[in-house]
Structures are given as structure tokens and as C-alpha cells.
Amino acid sequence: MDETEFLNSSPTEKKGRNKFPLLRYEELPEYMKDNEYILNYYRAEWSLNHAFVSLFLCHNESLNIWTHVIGFVAFLILTVANLTEFYQVADFINLSKWVFPSDTGTPPALIDTPRWPLFIFLCGSMFCFVSSSLCHLFSCHSQHLNCLLSQLDYVGIAVMIITSFFPPIYYLFQCDTIWQYVYLTTISILGILAVIILLSPKRTRGKYRFIRTIIFVAMGLFGVIPMIHATIVNWNVPQRNITLGFESAMAFSYLIGAMFYATRVPEKWKPGCSKNTQAAFDTQRFAASSFVIVEMEENINNGVEEQESENHEQTSVPVLNPSIPSGEQTVWADVASLLDSACNDLQDGELIHGDNFNLFAAMSALEIMDPKMDSGIVCRYYSVDEAIEDGAAPIPLSFNKTVDVHCMIDVMDHMLSCEATWHKGHSLAQTIFSCIYLLRPDRTPSHALLHSYCTVIRSTCNAVISAVSDSRTHEEEDLFTITSGLPLKRDGDEKCLSMLNVLEETISRQLHACKAPSHKKRSIEDIEPLQTNLDLEEGYCKAVLCRLRFRKHFYHVLLCLRRPQGRGLELARKHIASCLLELDSILKTEEFLRANNRNGMWEDGMESEDSTTASGCQPIGFDSTLNSRLSAPTPPRAIKVFCWKKAVEYFQKLLHDLDIVCSHPIDPLHEGALRFVVEFQKLQPDLVARSHLQLLLVQDGKLFGRDPIFTMICKAAAIPELAKNLDIQKNESFVHLCQLAITLLKILCTNAAWQRRQLGKVLQDWRIIHMQLEIALRKEFEESSSTSLDENLCMKIYKNILNWVEEQTYWIAFRFLILGFELELYAPSEYCMVYWYIYVILIKLGEKMHLRMITNSETAKRKGKKKRESMKDVAREPAIPPAVLLLQCQIYLAEGLTLMISALRNEHGVFQCRGPFNSEQERFIQHFELLQKACIPDHVSYYTFRDYTAHSQFDTLIMCNYFKEAQRIAKELRGSFVNDKNKLTELRHIEQVAEHNGIALNLVSRLGSLDPSLKVSFEFNHHPHFATAVVKRS
Amino acid sequence: MEETTTPDGSIVDESEIEYVSYAGEHHLPLIMRLVDEELSEPYSIFTYRYFVYLWPNLSFLAFHKGKCIGTVVSKMGEHRNTFRGYIAMLVVLKPYRHRGIATELVTRSIKVMMESGCEEVTLEAEVTNKGALALYGRLGFIRAKRLFRYYLNGVDAFRLKLLFPHQELPSSHPYPHSNTVMSSVLESYAAHELGP
């Protein structure tokens, strides 16, 4: 049966059969001839009523109309469902709220994401379907309406394409609003342009089919740009491929549809078979919308993580790449919006509290001023590149050569100030490496002066860091050696000295050239001057030269100090002398630099005293906030970079200290080394100097890298030479003892606070080694007791070594106690017990020392029996050695002070330890806990102290004046220490303290009971740890 | 000195000072204001909450005519096998100093610690803070350690310690620790009860 007839015979059509027949292509009016491959079943010139009724009829547009109507209805349902949050239907496109998968037991958090892009898309689609349905339904009415509706249809398609971009672009670039705006604006503009083109009437004609197609394809293909962008940005997101797949499918379907439309396949291939003009376009349209939806569903199913991870990538990538890439099981997630919404639920100052998140955890999580935790820390630049782009560190520093040199000198000076600040215990990242030039070493090679200076600074830093970290003298200054993330080492840095030499040579020549008298200038004119202003040439050359030379010599000093076995010490001293000379020259250049300040005047707000440069100018290329994220795990300390003058002073002190280290004779005596360190510490040397002393003293577990510690101990303990051949040095206890001796030397090189704590800890070890040695030696003694000669020898070793260990122990204890004065750990009311303990320890120390010296001299006597000079010694033998007598002075002072203070307590009621919560005993226990634990000395407790001081009275004290005794011995001893400057100073101090205290004692004992207004206080103006009594009338 | 004059001219009578234990949220802003004004270290609100929520019984405030003029904030807990108290913040407004208000505040807090079974009390003070060092010295604290560059401003600190006497003297007691160990266990249990 003919299809036309069948249609015509349908009951509804019967009435208008003649009036509204279905036509063939040839019969159509000209304006409707659009697709010559669709041959039959056209409606033409139908009334509006009939056209509406034809909705339910069968013709070549039926499928077109119905597919669009159904599409419209489907989208309408989705929109309504989404608006009413009807979850069952809508949850696959429900973007409004995501439930965060919670495995931590915290309440699920909800995130509000704007839904408007989705609605725009839904509305656009609905508009498209409606317009298309209307077009297909009513275009058969008239030419005018046909033209109008076709335009509407094309506009609908354009609108749909545009709006279909809104959700993907919006959600993909949610964290990068700039791109959101860029892409959405572009697509909107493109769409509006397309609509304008499409609305010009002549374009509706069939021959413009190709132009229309191009417009639509162009709009569709535009989507490729944000898609590629998003793909690159989200490369590490696991869902990348899925998203990419859907996006490609969408693009593909657009293209397929456009192709069908443009080529009019399949009608073209089999004209007459298809009733569906625009089925292809519809396919495209449906494919597009469904893929967009599926894609969104994907996002929803993956929950917050995927969405957030995309967002995170977008925000973080432009700033920095995450150092840890996403794995199969992990993704990077930006939880900022999640936290935002959680924060909105919290009141100011409220804390989250859960079973596994208590207040302590909350406290630990919040580190105020920790740059990693505290987002509130403000930085001028957030990356080095940003700073460089902003012109914070130009190379050259200026195109004017004179200004360039001047700025370079400022950089050098500021760097010196930074270096001193770093040495004083601040972090490297916040001091030297606040220099942007140092942070980007690859930029500097074009500027010879800058490059060589940066290189030598890096090398110097490395040398200092290695010295400090090798010596481990920096326990509490741990900021010092943290270098993570800083470009400290660069290939070619080892050439820094040759680079400096070349530069020094050049500038010397330039200096020579400008100094040369004018008639000679011609001959040397080929030398290019350092800068352009010839009047200032000499000054600038000198200023640069002394700075470069200082760096060179300083680096040499550091290298020489590290030579094994102290072989470089002499050379180091020469370089130290040169360094100090150069520092003087540097100081002299200040006047010149200030006069030729690059602004020609003082900078505002810059006090000349506070300036970090000689010229008083702010240096170029520094930003201390840049590295705040790299600095130590502790909060950054408030940094005030040393002023330039202070920095120079610091280096002068450092060099003097290092000179003293170098001047120390390589003396294999243990006692000498100990005494040297203690004397050195009195100068309060800083970390760098102390580290070098320690490295010099202990190398490879040997004293000065030369003498094994065992030999050193043998010498110190006066053990006969024969012992060295015995097996005892392999004995475990001896190995341990050697380690303890090394540790002691190292501890003495640390700062006072740390030193005291460590000394207190090792006391116990020395006590234990004493016991172990006692057992070990007794065993040895029993085994080798077969021969009488050995027996004698072993007894000697046994006695000497144990005596030496005890002497060391008491020496450590004494140092532990007196460091308390240096650190101001004792209150005046506690002086009494402290001096009593010092007195007790000193007695023991003196005892052991005397014993050792007697044994020593016996050994020496035996050796030197045949020598004539020894006769004199024999005559003097019964006398006590001067070192012991010096100790005796100190014992008298300690005893005198103890009894004087206790008499004051007993008779005047002052200096008593009374508190509401505890008694003097608790203070005693706390102060001497470590000594008591190690039984140093044995059988001493608070009760011993109490009994000793309980009956102290002034009238008995005055009878045996300890201070007078101390003064007398000190005077006599002067002659014994003629060559020892340190001992003479000590004696003088002791005399002064003894004299003053003797007078005070007399005064108080005579007048004290009569004059109650007499007040006694104690000061340390004559001796660092023996107090002087000051008596005043209040 | 019984009576002194405040900057605004009114006379402070020692008996007018009122001491109260921390009694809830309304006290928190008072404490925060005082500490922010007078101490060098910056603290966040969470630091305050940590202390006053877990150990409200150790925090005290001093009021004069309704104005909060001083406060003490402390904690206590196990530390290396000893049960110790820790005084975190002690503040008295400048015009009200030198009349025993700080001593009274800190004494109240230490008393609670002692009754709760603490063996010792510790705190840190800047070496330059002579007033605080003298105050704690009078209460029986010793300077146990010097902490090198302890504070953010680069100043050294002293670690101060107050050891409470043992119940019985160690020399006469055969097992000097049994008693205190037991009580500290009980007290630490009690202390946990106080927690959230």
C-alpha cells in the first residue's frame, strides 16, 4: 500500500483531505525546498490548527516532533526533580549536596555547591527542544512562519550548545574562577555571535546549511580547549580518563550529528526512505545532553574526593607541584570548602572534640606562628620566582655601572650581617638565604662579582655547617644546621678560591690603573675601569677588594682549621691575621660609602647605627619572608639581623677566638687540654669557635688526632710505661673509660647551659666505670699474680687508674657546681648549701690530686735518680704541690663562706630557705640530686650539711678565720705560678675575695649584734663563683 | 603596706580583693585579656581552653571591685613517671603588683596540686623577670635549669621546680616510695575523672 494513501485515509485527515494533502518534494513551494533527498510526505501551507493536529498524524516530520517533545518532557522532569530535591529521581544529577564519606566518626559534612550552571544547562536544553518542536510542527504554515521558526530552531541549537558548556566548565574550574570566567564568557560571546548570524533572514536558506554547520561545529569544538586545559591540570587525578572519555564522547557526538546534517546522510544514500530530515541533528542533541548528564553523575558518584581533587589540582598547580604524587590508592584532595562549611558551624574559639581528637590533639595541631600551620603569616612574595619577576633581584643590579658596584657592596655587607646573625643561632633560611641571588644560583654567572661572592658564601656556609655538625656542639642551637630545601651546594663551587683570585687580580689592576699618575695612564688605558665614575674609582676598587680578600682569607681559615692533627694551625693564624686586617680596611671604607650613598643622602627611617650595610642603604635582593616555609619545624624566631658594625665586631671576636684555638700547643696532656678548654670558655666564645676547638681536640677518637686516649690516660694517671704493653687496654672497661674521657672533652666545648646538664648526667657514668674498673682490675690482678714483679706493677696500675678516675669525677662535680653560678641558678638563700657542697667536693678533689702528684713524683724520682737536679726536688719533697695548695685556698674560701652564711642564718635569721610548701631539705635534694644519686661523695646527705652548719657562730668563726688563711696561701703561691697567667689571675681573685670577706666577717661579728640595721648581701664582682660579702646599713 | 592607690585614684584595700576559682565560660575572656596584655608569648584561645577546661580547679582569678586584675592558669599530669603540676600563666595587672596578689593566686593553685597528689610543680620564667623569680623563690622553687633561648623573643628561661616533701622522711621510712606512688596513682585517676 502506498504510504501517502494510508496517511490520507486516516480518519482525522479525511475532512481536509483535499485542502491539506501531503505533498511530494517537487510540489513544494520554493521556500520549503530544503532537502532534496527527502522526497515525499511533506505538509505545506497548512493552517495553524491543522498543523497542531498534525502532531498526532504521520508525516515526514512526526519523528522529529515527537523526539523533541519527549526530550523536553524528560528535561522538565529532571529540572523539577532537581528543584524539589526529590532524591530518588534526582540523585544522579543532584549536585547540591554531597555526603562526605566519613570513616573517622565525625558527623558527615555537607557541601553546598552552586547549582545554577546545571539549571542553565537544563533550561537551555528545554528551550532547544521546545523551539525545535515548534519549528517542526508549525513550519509548514507559511513562508514567514517557516523562516521565523527555522531561525528559532537554530537559535535553540546554539543556546543548547552554549549552555551545555556551563556545567562542565564551571565544575571543572571551580577553584580557578579566572578560567571559569574566561571560558564561560568566551562561549557566551561566541553563542551570541552565532545567534546574530543565524537570525539574519537569508541565512535560513538551504544553501547556507554549510555555514550553519560550521558555526555549530566551531562552537562545539571550542569545548576542546577547556577540556584539554582541564585534562592537563588534572593529570594526576585517577578519574581523569573517565572524565576525558565522556568529554570526548560528547564532542564526538556533536561532530557526528553535524556531519549527518551537513551531508544529509542517510537520506542522500537512499532518497525517499527517510522521513526524518533532522533526525541526525536530534541524535547529536540527545547524545550531547545525555553525555553531559552522565559525566556529572560520574562526578557525584565519586563524591567530594574527585571533585575536590580536581579543584585542588587546579589551585595548587600554578603555585607549586605537590612533592608527593597521587598513587593508586590516594589522591590529592583540597578540603578547603569542606573545612569552610565545617568552620561555619563553629563559633569563634570553639573546638571539635571527639573520641580520637581530644583537646591535647587540638592543641598540638595548632602551632601559632609555625609557617606550616599558620596560614595567617603574611609574606611579601610567595615564591622566589614571583620575587624575581617583580624585579626584586635584578641582574645586573643596575645598568649604571657605578650604582651596580655600590649595590653590590651593599649586598656584600648585608650578607656579612646575615652571616653573623646566623652564627649567633638563627636559621640559615632566614638569614643568609634570604638573599634571592643565592636562592637562584643559575642566574648569577653573568655577573662576575656577584657570582664569585655568592659562590664563596655558599662554600663558607658549607664549611661552617660541616664543622658544627661534625663537632655536635650545637644541641640547643639546632636551628643552625638545618639546611633542607636550600641550594647550598652547586657544581663549580669548589672553584670559588680561583674565581676570587681572578677577580682580585682584575680589581687590583683597576685600582693600580686609576692610582697611576696621569702621564702614565695612557699605557694602561686598555684596562677597563670597575665603574664609570673615575673620581670614585679608587674608593670603589678598595671597598670591593677588601671585602673579597676578607672572604678569601676567611675561607682559608676554615679550611686550614680542618686539616688533620692540627697541621694547618700555623697557616690558619696567618690567614686570621689577614682577615683581621681586611676587616679593618672594610671598616675604613664606611666613610667613603656613606659619602657616595647611591641616593646621595640618608634614607628615611634608617638610623645609621641600625644599618646592615656600610653605606646605610637597604640592600637589593633580600627577602627574609621567602623561606619561612623552609625554616625549622619550630616557630620562626623574631629575627633582627645584626647591624653591620656589630657583624664586623662579631667576626673580629670570632677570629680572635679562633686565633686562641690555633695558638694552643699541641699538648698531649689530658689535664692541659681540659684546663685549656675551661680557660677558653671563660671568653664566652660562640658556637663556631667552640666547634673548631672541639674538632681540633678530638679527631678520630684521639687527642689532636695523634695520641690515643689510652696513652693520654696513662700519662695523666702516671701509669708506668710498661702498662702500655699489657692487655688491659683491650679490656672492656678501659675502652669505656676512653670513651668517657672523649665525651668529657666534647661536653666541655658546648654552651654553659647544655654543658652543665650533660656534666650532671655523665657523673653517674664515671661512678659506674670506677666500680667496673675496680672489679676488672682485681680480676686481672688475681690472674697474673703468679710473678711478684707483675703483681707489683698491677697494684700500681690498679691504684693509679682508680685514683685518676675519682679525681676526674670530683673535678666534673666541681665544674657542675660552679657552672650553676655562671648560669645564675642559685638563689642567695641557697649559697650556704652550695658552698658547703663545693667545700666537700674540693676536699675530695684535693685528696685525689695530691695522691696522684705524690705517685707521679715518685715515678719521676726513680727515673731521674741519677740526675743531679733531682737533688733539689728531693729536698723540697715534703712540701705540698702548688696545684694542691691552690685547691686549698678554694677550700678555705668555700668553707669560710659556708660558715659565714650559716652564722648569719643562725644569729641574724637571714638567708634562710623557708617556703609554705617545702623545707630546705627539698631544695637540697633538687639541687644535688645528680650528685647524690652518683654518691659523690659517699655518705653525704642533707643531714650532714645541717649538722655541719647548725652551730655556726660568729665568735667561734672569728677565732679561725678561713679567709685569712686563704689570703695567706694565695700570696705565698704567687711565686709558684710566675709563668702561668691564668693561675695568677685566679690567685689574685681569690686574694681579693678573701680579703673582702675577712673584713666583712670582722665587721658583722663585732657590730652585727649591736646594729640590727646591718645588712649583708653577696656579689660576684671579684670572682665568678666565690661571692664577696657586702655589708651595708639599711 | 595595707592600702595603696591605683592609677585612677581609688584606694585598694587588701581585703577588697576577691579570689575565685575558674567558674565557666564567662571567665575566659577576662583571663585572655590579662594574659595578652602582660605576657610576652602569644597564645591562642585554644591554649586557654586546653588549660581551663581540663583543669578548671587549678585556675584562679582575682577581682577588685568587680574588675579582674589577676589570674593563674595551670595544669597537672604525668611526666616521666612523676605526677607534676605546671603553672602556665600568672598575671597581675601592674598597678596591683607588690601586694601579694600573685603569691595568693599561685599559692591557691599549688595547694590544689599538692592535695591532688603532685610530687612537684614546675614552670618556666624569663631570666630577666626578676619579680617572678623572687616570688617563686619565696615559695620554695629552685632554678633547676637554664633553657638557652627558650622564648620566641630569644631570651633564656629558667626552669623552676618546687619539690613537695615526702609524706615521711626518706631516712626513717623503709619503703620511701610506696606511699607516694600509691597516692599518685589514685590522684592521677582522680585527675582523669576531671577531664572531659
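What is the mean pLDDT of chain A, and what percentage of its residues reach 70 or more? The mean is 77, and 76% of the residues of chain A reach 70 or more. Here pLDDT is the predictor's confidence in each residue, from 0 to 100. This is a predicted model, in which local features need pLDDT of at least 70, side-chain atom pairs count only at pLDDT 80 or more, and totals for chains, interfaces and linings use all residues. Residues are numbered from 1 along each chain as its sequence is written, while chains are lettered from A and ligands numbered from 1 in the order in which they are written.

Helices (H or I, at least four residues) and strands (E, at least two) are DSSP runs, numbered from the N terminus. Residues 1-18 of chain A stay under 50 in pLDDT. For that stretch the model has 20 contacts beyond four places in sequence. Two residues are in contact if their C-beta atoms, placed from the backbone, lie within 7 Å. Residues 86-111 of chain A are also below 50, with 49 contacts beyond near neighbours in sequence.

Next, the annotated spans. An unreviewed UniProt entry carries the annotation "transmembrane region" for residues 65-84, 116-140, 152-172, 178-199 and 211-232 of chain A. UniProt positions are given in the numbering used here, feature names are shortened, and annotations may be inferred rather than shown by experiment. In the model, residues 152-172 of chain A are 100% helix and 0% strand, with end C-alpha atoms 31 Å apart. Residues 178-199 of chain A are likewise 100% helix and 0% strand, and their end C-alpha atoms are 31 Å apart.

Chain A also holds an open sheet of three strands, in the order 3-4-5, with antiparallel pairing. Two strands pair if DSSP finds at least two bridges between them. Strand 3 (698-699) and strand 5 (707-708) of chain A are the edge strands, each pairing on one side only. Two bridges link strand 3 of chain A to strand 4 of chain A (residues 702-703). Gln699(A) stands opposite Lys702(A) there.

Now chain B. Its secondary structure comes to five helices and nine strands. From the N terminus, the elements run β-β-β-α-α-β-β-β-α-β-α-β-β-α. Of the contacts in chain B with a separation of 6 or more, 59% are between residues 24 or more positions apart.

Seven strands of chain B form an open sheet with mixed pairing, in the order 3-4-5-6-7-9-8. Strand 3 (17-21) and strand 8 (142-147) of chain B stand at the edges with a single partner strand each, so one side of each has no neighbour in the sheet. The twist averages 25° from one strand to the next. Helix 1 of chain B (residues 28-38) packs on this sheet, touching strand 4 (60-64), strand 5 (67-79) and strand 6 (82-92) of chain B. The direction of helix 1 makes about 90° with that of strand 5 of chain B; axes are lines fitted to C-alpha atoms, for helices over the stretch in contact, and angles run from 0 to 180 degrees between N-to-C directions.

Finally, strand 9 of chain B. Seven bridges join strand 9 (residues 157-163) to strand 7 (residues 120-126) of chain B, and the two run antiparallel. Glu120(B) has Leu163(B) as its bridge partner, and Thr122(B) stands opposite Lys161(B). Strand 8 of chain B also runs antiparallel to strand 9 of chain B, over five bridges. There Lys145(B) is partnered by Arg159(B). Six of the seven residues of strand 9 of chain B are buried. A residue is buried if 20 or more other C-beta atoms lie within 10 Å of its own, exposed if 12 or fewer, and partly exposed in between, with C-beta atoms placed from the backbone. Across the 196 residues of chain B, buried ones make up 33%.
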